Structures are given as structure tokens and as C-alpha cells.
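Morning, everyone. Have the model up on your screens, please.

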Amino acid sequence: MSYQLSLIGGTLVHYYVTCKREAWLYSRHIYADQLDENIAMGRALSEIKEKNFNNFLFSNIKFDKIGKQKGHYLITEYKKTLKNPEGAKAQLLFYMYILKNSLNLKQINGKIITGKEVIFVEGNEENMKKMENLLNEMAIFLEQESPPPFKKIKFCKLCGYKNYCY
């Protein structure tokens with residue numbers, strides 16, 4: 001199987017940075033337990049967010065808000081929590097990477113907002129190169145015929161995929 005980069009979306013990037021097993025399952029359309037209370041809460045918050053914010057669709061990505069600030073584009077992503085800031089940053093950076101390269105933008109930055117904090121992500125060349133490398137790494141990883149073995153991490157306790165691991 002040859003995994004196409006065009007099939008990679010923001011959620012998959014977030015999952016990959018969080019847990020490669022979760023990303024592999026998601027990439028095969030094996031979804032988390034929909035009755036899990038964390039999944040249900042996320043779905044409810046997503047529905048509220050969709051009613052109150054403009055969701056922007058572009059290619060295979062869907063992000064919360066785009067605007068201009070001081071002459072450059074600014075993408076905003078809203079999250080219910082920041083239990084995994086690295087995953088959230090990677091997801092936002094993925095959106096920025098796709099927009100920058102698809103639209104030939106000179107400068108793009110982003111921010112993640114939760115109820116308690118704001119994290120800024122720069123769209124500098126170093127971060128764009130990191131995302132390019134991550135996407136290439138993911139494409140190779142997702143070609144594997146079977147998921148990686150289960151490895152317990154701090155996110156397992158609240159994961160909707162735990163039935164596939166324990």
C-alpha cells in the first residue's frame with residue numbers, strides 16, 4: 001500500500017504526534033469508541049463550535065478561523081483542552097503548511113486558543129521544514145501493513161481507542 005500525502009488531515013497529524021498506533025488505526029477508518037464520554041464531549045463541543053465559529057474548508061483541511069494580522073495570515077484553532085500541546089501545535093502547523101504552500105503565501109502564523117491559554121505557532125521556514133519532514137515520515141509509517149505494538153503512554157487512560165490496545 002502506498003499512502004498518499006493528500007489523505008493526511010489535521011486530526012491524523014495530531015494523532016500521529018500523540019500515538020502512532022492511534023494514527024494507524026484512524027488512517028484505516030477504524031474509529032474510536034463513539035460511546036466513550038471523552039469522544040461524546042468532543043463531538044458536542046465541536047457541534048457548538050461549528051454553530052458559533054466560521055469553519056473554513058480548504059482542500060482536505062478544516063480549521064476554525066483565518067484572518068490577517070499585521071500584513072500576514074493568522075490561522076486560529078480552538079481546542080477544549082491542551083492536554084497534548086505538541087499534537088495541537090502539529091495539527092495547526094499542518095494547516096499553516098498546506099495553506100502556505102497551496103496559496104504561495106509569504107507569511108502565515110497561527111494560534112491555538114483554549115479557555116485558559118493561547119499558544120502561538122510561527123510559520124517560519126524551520127517549522128515548515130519540520131512539517132514537511134513529519135508528513136514524509138507519516139506517509140512511510142502509514143504504509144505499514146499492521147499497527148505498531150501497543151505502548152502505554154500518559155494519554156492512554158482517556159483515549160477512545162483503548163479497546164484496541166488493552
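Helices (H or I, at least four residues) and strands (E, at least two) are DSSP runs, numbered from the N terminus. This is a predicted model: local features need pLDDT of at least 70, side-chain atom pairs count only at pLDDT 80 or more, and totals for chains, interfaces and linings use all residues. Residues are numbered from 1 along each chain as its sequence is written, and side-chain values use heavy atoms, with hydrogens and water left out.

The sheet. It is open, with 4 strands in the order E3-E4-E5-E6 and mixed pairing; two strands pair if DSSP finds at least two bridges between them. E3 (65–69) and E6 (118–121) stand at the edges with a single partner strand each, so one side of each has no neighbour in the sheet. E4 (residues 72–78) and E5 (residues 108–113) run parallel, joined by 6 bridges. Glu 77 sits opposite Ile 112 in E5.

Now H1, residues 10–18. Is it mostly covered or mostly open? Covered: 7 of its 9 residues are buried, meaning under 20% relative accessible area with a 1.4 Å probe, protein chains only. Among them are Leu 12, Val 13 and Tyr 16. The buried residues pack against H2 (20–27), H4 and H5 (125–141).

Last, H1 and H5. Their axes, lines fitted to C-alpha atoms over the stretch in contact, come within 11 Å and cross at roughly 85°. Angles run from 0 to 180 degrees between N-to-C directions. The two helices are therefore roughly perpendicular, a label for 65 to 115 degrees. On the H1 side, the contact includes Leu 12 and Val 17; on the H5 side, Met 131 and Phe 141 are among the residues.

Key:
Buried < 20%, exposed > 50% of the residue type's maximum accessible area, 1.4 Å probe, protein only. Contact = heavy atoms within 4.5 Å. Parallel < 35°, antiparallel > 145°, perpendicular 65-115°, else oblique.
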